[in-house]
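Subject: Structure for your files

Hello,

Here is the structure we spoke about. My notes on it follow below.

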Amino acid sequence: MKQLLMAIALLIMSIAPGTAQCKFENTAFKSGEFLTYNLYFNWKFVWVKVGNASMSTVESKYHGKQAYRASLITRSSSNADKFFVMRDTLLCYNTTQLEPLYFRKGAREGKRYTVDEASFSYPNNKVHIKQHRLRHNGENVYKEWTRSECTYDMLSIFLRARSFNPEGWKKGTRVNFPITDGTQITPAVLEYKGKTTVKADNGVKYRCLQLSYMEKDKGKYKEIVRFFVTDDSNHVPVRLDMSLKFGAAKAFLVGTKGVKSKMTSVVH
């Protein structure tokens, strides 16, 4: 489910275009954080639980250097498998200053299985990206890019974006940013929609920032995901409303473990 993965990942509101100085201070999470979600599809006008998702972040090493390793796993239930099989696993490594280093996505969606990879390096104050895609028919595709602006994958952007500062935002504020997968770099837009209160699947109500993720389609921007992130320093996604090719879907937060700061967005 690409839209879900993008939604969880794409919370960026403060990328500075035009520079490859991609280091950024992490203020939102710590090693050992674990987030879980319930997934729902709209089936014949009825919302049905179809699976779950989880994300973990730990301190690790990449090529001998200290790094963050994050993983995101989505799984459809056995009942939902009768209609649509979903087995997605994402992995990324970032420096401790949140620069992307490596990304891998293995996705089984229906009868199709694909793998996307991206490796990042930073020569001469540029971003160099090596991409690889293994298509479901066994074909391998390789590409390379050198860019002047910071570029992120689906998971690295999640780590980077959670440290944004929302003070001063106004409804309608838009930010452009680039995302890479296994073959391309895609421009996207995030628009701030204001604040609201959301009840998660753990029974807790949270004060949230409401955001709309849009991609350009035939010259116009189309909303892919409307999502809601806690209005506190953790910026944990609480709810996601997704427009899919085969209908609508939602994800609701179930639980959090190892969150860095007190969740002051809880509504008592």
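How many helices and strands does the secondary structure of the chain come to? The chain has 2 helices and 15 strands, where helices (H or I, at least four residues) and strands (E, at least two) are DSSP runs, numbered from the N terminus.

Some ground rules. This is a predicted model, in which local features need a pLDDT of at least 70 and side-chain atom pairs count only at pLDDT 80 or more, while totals for chains, interfaces and linings use all residues. Residues are numbered from 1 along each chain as its sequence is written, and side-chain values use heavy atoms, with hydrogens and water left out.

Confidence

pLDDT is the predictor's confidence in each residue, from 0 to 100. The chain averages 85, and 88% of its residues score at least 70. Confidence is lowest in helix α1 (residues 2–9), with a mean of 49, and highest in strand β15 (residues 266–267), at 97. Over residues 7–19 pLDDT stays under 50, although the model has 51 contacts for them beyond four places in sequence; a contact means heavy atoms within 4.5 Å. Where pLDDT is low, the predicted coordinates should not be read in detail.

Cysteines

A search of the whole structure finds 1 disulfide, that is, a pair of cysteine sulfur atoms within 2.5 Å. The disulfide joins cysteine 22 to cysteine 150, with an S to S distance of 2.2 Å. It links distant parts of the chain, 128 residues apart: cysteine 22 is in the loop between α1 and β1 (33–43), and cysteine 150 in the loop between β8 (140–147) and α2 (156–161). The link is left-handed, with -110° about the S-S bond. Cysteine 22 and cysteine 150 are both buried; buried means under 20% relative accessible area, exposed over 50%, and partly exposed in between (1.4 Å probe, protein chains only). Cysteine 92 is buried because its relative accessible area is 0%, and cysteine 208 counts as buried at 0% relative accessibility.

Burial and contacts

Of the 268 residues of the chain, 51% count as buried. Among contacts between residues at least 6 apart in sequence, 52% join residues at least 24 apart. Valine 48 lies in strand β2 (residues 46–62) and, at 32% relative accessibility, counts as partly exposed.

Regards
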